[in-house]
Amino acid sequence: MAEGDSYGCKTYFLISLEGILFLLQFVLGLIAFILVLTHEASSLFSHYGFFIVVSALCWIGAFFIIFFHVIGCCKVKILGVWQSEYSLWIFLLSYSLSYFFFFLFSSALLSQWTQQDAQFIIAAICGFILAIVFFILCVMYYRRVRKIRLTEVAWEGDKSTRA
């Protein structure tokens with residue numbers, strides 16, 4: 001087993017590009033959540049509710065992903081088979097793609113309803129920045145998934161042509 005492939009704390013994830021993007025998700029999601037939720041005109045059942053739910057789920061999800069990476073659960077080289085690695089990257093790709101669209105649309109709706117209030121404007125800007133962060137992660141995960149898929153098909157051959 002190579003250096004860094006064992007179980008245990010993986011704090012070097014936090015200084016990678018992916019780790020920095022997840023830390024940015026955590027911080028900006030938390031800021032956007034607090035800004036919108038503390039405004040007197042907003043509640044979970046108002047027209048700001050979609051943004052509140054999306055930003056809350058964003059920072060909670062980012063926290064769990066950072067936690068799992070740091071304790072070593074997402075270190076794919078120790079999982080053994082390519083399917084586990086492929087499934088992990090597919091999950092993270094779908095997670096990032098979903099939140100890209102969630103933040104794009106919820107930030108657009110929030111910016112429409114800002115009422116020239118600084119809290120909503122800052123939260124909408126955080127949401128648009130988060131949409132960009134999630135787009136970058138989508139591209140990163142798509143490239144990883146594509147690389148694994150091409151390697152697997154080249155290794156085993158095309159399964160659709162077998163009888």
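Student: How many residues has α1, and how far does α1 reach from its first C-alpha to its last?
Tutor: Helix α1 has 21 residues and reaches 30 Å, close to the 30 Å expected at 1.5 Å a residue. The expected span is 1.5 Å times one less than the number of residues in the helix. Helices are DSSP runs of H or I with at least four residues, strands are runs of E with at least two, and both are numbered from the N terminus.

Student: What kind of model is this?
Tutor: This is a predicted model, in which local features need pLDDT of at least 70 and side-chain atom pairs count only at pLDDT 80 or more, while totals for chains, interfaces and linings use all residues. Residues are numbered from 1 along each chain as its sequence is written, and side-chain values use heavy atoms, with hydrogens and water left out.

Student: What does the pLDDT average for the protein?
Tutor: The average is 77, and 74% of the residues score at least 70. pLDDT is the predictor's confidence in each residue, on a scale from 0 to 100. Residues 1-7 fall below 50, and beyond near neighbours in sequence this stretch has 10 contacts in the model. Contact means heavy atoms within 4.5 Å.

Student: And which helix is lowest in confidence?
Tutor: Helix α3 (residues 82-112), with a mean of 81; α1 is highest, at 88.

Student: Back to α1. Which residues of α1 are buried?
Tutor: Among them are Glu-18, Gly-19, Phe-22, Gln-25, Leu-28 and Ala-32. Buried means under 20% relative accessible area, exposed is over 50%, and partly exposed is in between, using a 1.4 Å probe and protein chains only.

Student: Why does Glu-18 count as buried?
Tutor: Because its relative accessible area is 7%.

Student: What does Glu-18 touch?
Tutor: Leaving out residues up to four places away in sequence, Glu-18 touches Phe-13, His-69, Trp-89, Leu-92, Leu-137, Met-140, Tyr-141 and Arg-144. With Tyr-141 there is also a side-chain to side-chain polar contact at 2.4 Å. A polar contact is a pair of N or O atoms within 3.5 Å; within protein, one must be able to donate a hydrogen and the other to accept it, and residues adjacent in sequence count only if both atoms are side-chain atoms.

Student: Different spot. Where is Ser-106?
Tutor: Ser-106 is in helix α3. Ser-106 is buried because its relative accessible area is 2%.

Student: Which residues does Ser-106 touch?
Tutor: Phe-50, Phe-51 and Val-54, not counting residues up to four places away in sequence. Val-54 is 52 residues from Ser-106 in sequence, and their C-alpha atoms are 7.8 Å apart. A polar atom of the Ser-106 side chain also lies 2.8 Å from the backbone oxygen of Phe-102.

Student: How many helices and strands are there in the protein?
Tutor: There are 4 helices and 0 strands. Helix α2 (residues 49-71) has 23 residues and reaches 33 Å, close to the 33 Å expected. Just after α2, Gly-72 has a positive phi of about 100 degrees.

Student: Which residues does the UniProt "transmembrane region" annotation cover?
Tutor: The unreviewed UniProt entry gives residues 12-36, 48-74, 86-108 and 120-142. UniProt positions follow the numbering used here, feature names are shortened, and annotations may be inferred rather than shown by experiment. In the model, residues 12-36 are 80% helix and 0% strand, with end C-alpha atoms 33 Å apart. Residues 86-108 are 100% helix and 0% strand, also with 33 Å between the end C-alpha atoms.
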